[in-house]
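Trainee: Could you take me through how a few features of a model are read, starting from the general idea each time?

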Amino acid sequence: MGEAEWERLLGKLDLRQKVRLLSGATVWHTPDEPAVGLRALAMSDGPVGVRGDSWDDRRVSLVLPSPSAMAATWDEDLVERLGGVLAEEARAKGVDVLLAPTLNLHRTPLGGRHFECYSEDPLLVGRTGAALVRGVQSQGVAATAKHFAANESETDRLTVDVRVDERTLRELYLAPFEDAVEAGVALLMTGYHTLNGTTMTEHPLLAEVVKGDWGFEGVVVSDWGAVRTTVAAALAAQDLAMPGPDTPWGEELVRAVESALVTPEAIDEKVRRLLRLAARLGALDGLDFVPDLTGAAPGVREPAVTAAGTTGVPLAAGLPPAPAGTAAAAPGNGEVRNGGTPRQGAAPGGVATAGVLLRRAVAAGSVLLANDGTLPLRPATLDSLAVIGTHARDVRVQGGGSAEVFTLPVISPLEALQRALAPTTRVGYAPGPATGALPAPVDGRLARDPRGGAPGVLLRMLDEAGEELYAEHRPTGRQLEPRLVPGADTVEISAVLRPGTPGRWTFGVAGYGRLSLQVDGHLVMDEIQPRETDDPAVVHVRPPQRCATVTLPAGRDVLVVARRRLVPDAGRATVLTAAPPAPPDDRALADAVAAAAAADAAVVFVGTTEESESEGRDRTTLRLPGRQDELVRAVAAVQPRTVAVLNCGGPVELPWREEVAAVLLAWFPGQEAGPGITDVLLGAAEPGGRLPTTWGALADAPVTATTGPAGTLPYTEGLHVGYRAWLRARAEPAYWFGHGLGYTEWDHRTARVVRRAGEGAGHEVHVELRNTGTRRGRELVQVYLSRADGQVERPVRWLAGYAHVEAEPDATVTAVVPLPLRALRHWSTAERGWRVAAGRYRVLVGRSAGDLPLCTELVVDEEIALPSNGRGR
Ligand code: BGC
């Protein structure tokens with residue numbers, strides 16, 4: 001793609017046209033520019049599903065397991081295929097740019113977006129993220145590595161000044177982004193925060209490291225609202241300010257160029273990058289050349305040194321034809337039935353095939369933390385099974401915040417177990433005490449539209465006099481981006497409910513401004529919710545809700561009407577929620593215990609709630625909300641075959657973990673939650689997950705801080721994060737990084753380091769292991785390095801490589817774990833470069849950072865300098 005071509009296109013645009021391209025045209029689109037044949041690019045979150053270019057409850061999406069679960073698979077092929085599922089849905093919804101993957105680390109277990117990030121280890125984050133990038137981009141959809149960089153917690157996330165030393169930054173927090181760039185990622189998103197005194201959208205790292213050392217040729221897009229200055233951000237290597245149309249750039253940037261505060265060349269460089277991205281996405285007509293589909297990834301310069309085994313798949317310069325049967329050809333065709341309401345999205349051709357993959361992914365990511373042999377359950381030995389806990393019925397499939405999507409109907413674990421075990425095993429259910437979750441948005445299962453009675457709600461826009469300006473049927477009470485017509489004064493959501501359970505119902509309205517609620521003709525709430533934050537994840541996605549309780553009889557229709565007066569700066573979100581009456585907690589607990597005692601085994605589902613794990617805030621405790629710990633303990637006390645299933649995105653404390661027969665971590669499993677978990681519980685699939693992050697009690701965790709002095713957050717632990725910190729503190733976590741059991745046993749026998757042929761080609765570790773159990777299984781072999789005698793500070797040990805093996809019972813297999821030189825590297829601050837120190841490295845092999853039965857060593861004869869892009873062989 002000749003440089004002359006970009007110059008020709010740039011020559012067709014005047015300064016104002018160019019600058020216009022650098023801000024979003026809408027919240028989710030870039031501008032078009034007919035003068036160069038450029039169409040708008042549509043962007044969408046996110047890591048677990050593709051919402052599309054609006055928050056619209058009629059557009060449902062496939063939901064993948066949360067990123068923490070994806071990383072727990074340690075399986076790049078699977079993650080790449082999951083990336084392909086995202087890309088297919090993106091294309092079906094006309095989305096060009098996917099705002100994923102999230103490459104920040106699990107630095108503290110309290111991080112609010114823990115579920116949306118992969119791991120505490122930079123190698124696992126980098127490899128998982130690169131796999132997702134390849135999967136997404138192989139189908140002509142652009143991926144976005146976010147949030148650059150060192151953005152590990154949510155407290156004061158718009159302003160916090162994160163302080164990290166240069167070496168830690170390079171080795172831990174930049175490394176996954178470097179991997180993404182190497183995999184050809186098309187965009188990189190700068191975070192809201194400040195790093196070492198400079199806000200990310202103005203940071204010199206963008207020019208010096210990202211575009212300099214790494215040779216990134218893609219587009220640097222801001223997080224939503226993160227560009228705050230005209231000149232400083234434009235002078236930095238920030239290319240695109242989102243969302244639009246109002247950003248600090250626009251006319252002010254035109255003036256800044258006219259007054260020579262920003263050079264025209266700086267603007268040209270940003271536009272060139274945007275045009276190049278558009279060309280790669282097939283969004284630029286009238287080019288004088290045919291886009292090259294076969295060459296090296298256009299987003300990355302050819303590396304000086306190529307990493308061994310790297311398989312970066314370039315983003316195609318043009319979109320392949322839409323797969324037959326997807327909604328891409330005919331938007332709106334992707335209708336599925338949900339409570340009788342037609343809804344768009346989720347390419348129907350893909351749902352069934354993707355469903356199989358997503359179901360497999362649940363098992364592949366589920367981590368069996370403990371098991372005395374009770375799992376897998378053997379239906380032949382069970383006349384009855386007690387399923388317990390609200391999460392068994394109302395499973396959380398995804399975490400909260402910008403990553404959220406509207407889902408297809410989900411089969412709950414309770415329903416899936418009932419289906420799988422009928423007719424041989426009786427499955428009883430007891431929810432146990434309430435978890436403290438706030439009422440959920442109403443939907444077609446509970447509510448009907450007062451006009452016409454279709455499942456769902458009626459959404460109306462009213463003028464100041466209360467006259468209707470427009471009305472439409474919607475499937476849920478969660479209205480985040482309703483159409484605001486001129487003269488609109490009030491958003492109204494109404495629904496008819498016929499309570500099946502009499503008693504005290506709780507209703508809520510979420511949003512900012514004046515909120516009111518009428519139930520059965522009575523005004524039960526009329527309050528003002530002042531706006532207390534600028535965080536978009538709160539204002540536009542999860543605004544606070546105000547609730548009222550009303551005692552209702554059963555079997556009679558009740559009209560519920562929520563209203564929110566529209567005032568400037570109060571956002572667009574309005575949500576109507578409801579929760580049925582629940583029995584008193586003590587009785588619910590007693591019922592659960594009785595059900596468990598009477599059954600042959602019990603499976604207790606416990607987990608976090610929207611309030612305890614979501615974007616926009618950090619957690620303050622790792623305790624399970626409500627009385628769930630008490631529930632598990634009480635059940636385990638009466639039922640020796642008690643299995644606990646954890647439904648959460650990040651670590652929770654398990655004070656009862658030694659009192660139950662088995663603990664299965666199912667994460668936020670995505671839409672195949674029920675069937676996927678059931679596969680594991682009943683042994684149709686082996687739990688393949690291994691912890692991507694160390695789990696332990698908050699009081700023992702060495703790194704927990706999410707705030708620091710005077711608006712800063714110093715990463716004082718340096719390189720020692722996660723298992724590295726636990727090792728350094730000589731503390732024993734509940735479960736080490738890498739831990740996870742399968743359904744068979746393995747004996748790790750020998751480990752041997754083999755030098756690869758060719759100078760600088762690195763090494764391989766050959767590990768022989770034997771399946772000593774009774775069924776075929778799959779095992780993850782982990783290799784760590786340590787350096788006792790070096791001059792350079794290193795972690796106690798660090799993950800250097802991993803590989804899977806599979807074997808039948810009694811079979812012996814050899815895992816080959818590549819150890820590129822890069823696995824040995826450290827950043828030398830003095831020399832401002834990557835070095836591999838000479839000397840002896842201990843090579844530790846085993847099942848987790850805390851269970852490494854084999855040890856050998858590797859010798860580097862003399863110090864090696866790696867290229868500044870770090871791509872050591
Ligand atoms: C989040 C991003 C997200 C963006 C758009 C921001 O608040 O931090 O991850 O992509 O919103 O939804």
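Mentor: We will go through a sheet, a loop residue and a ligand site in turn. This is a predicted model, in which local features need pLDDT of at least 70 and side-chain atom pairs count only at pLDDT 80 or more, while totals for chains, interfaces and linings use all residues. Residues are numbered from 1 along each chain as its sequence is written, and side-chain values use heavy atoms, with hydrogens and water left out.

Trainee: In what order do the 3 strands of the open sheet stand?

Mentor: Strands are DSSP runs of E with at least two residues, helices are runs of H or I with at least four, and both are numbered from the N terminus; two strands pair if DSSP finds at least two bridges between them. Here the order is E32-E33-E36, with antiparallel pairing. Strand E32 (746–755) and strand E36 (812–819) each have a single partner strand and stand at the edges, so one side of each lacks a neighbour in the sheet.

Trainee: Over how many bridges do E32 and E33 pair?

Mentor: E32 and strand E33 (residues 763–771) pair over 9 bridges; among the facing residues, Arg-755 stands opposite His-763, and His-748 has Leu-769 as its bridge partner.

Trainee: Why is E33 described as largely enclosed by the rest of the structure?

Mentor: Buried means under 20% relative accessible area, exposed over 50%, and partly exposed in between, with a 1.4 Å probe and protein chains only. In E33, 7 of the 9 residues are buried, so the strand is largely enclosed.

Trainee: Where is Ala-237 found, and is this residue buried or exposed?

Mentor: Ala-237 is in the loop between helix H8 (231–235) and helix H9 (250–258), and is buried at a relative accessible area of 11%. Contact means heavy atoms within 4.5 Å; leaving aside neighbours within four places in sequence, Ala-237 is in contact with Leu-206, Ala-207, Lys-211, Val-220 and Lys-270.

Trainee: Which residues come nearest to the ligand?

Mentor: A residue is near a molecule if one of its heavy atoms lies within 4 Å of it. Of the 14 residues around the ligand, the nearest are Asp-45, Arg-113, Lys-146, His-147 and Asp-223. An N or O atom in the Arg-113 side chain is 2.8 Å from a ligand oxygen atom, and a polar side-chain atom of Tyr-192 lies 3.0 Å from an oxygen atom of the ligand.

Note on methods: A polar contact is a pair of N or O atoms within 3.5 Å; within protein, one must be able to donate a hydrogen and the other to accept it, and residues adjacent in sequence count only if both atoms are side-chain atoms.
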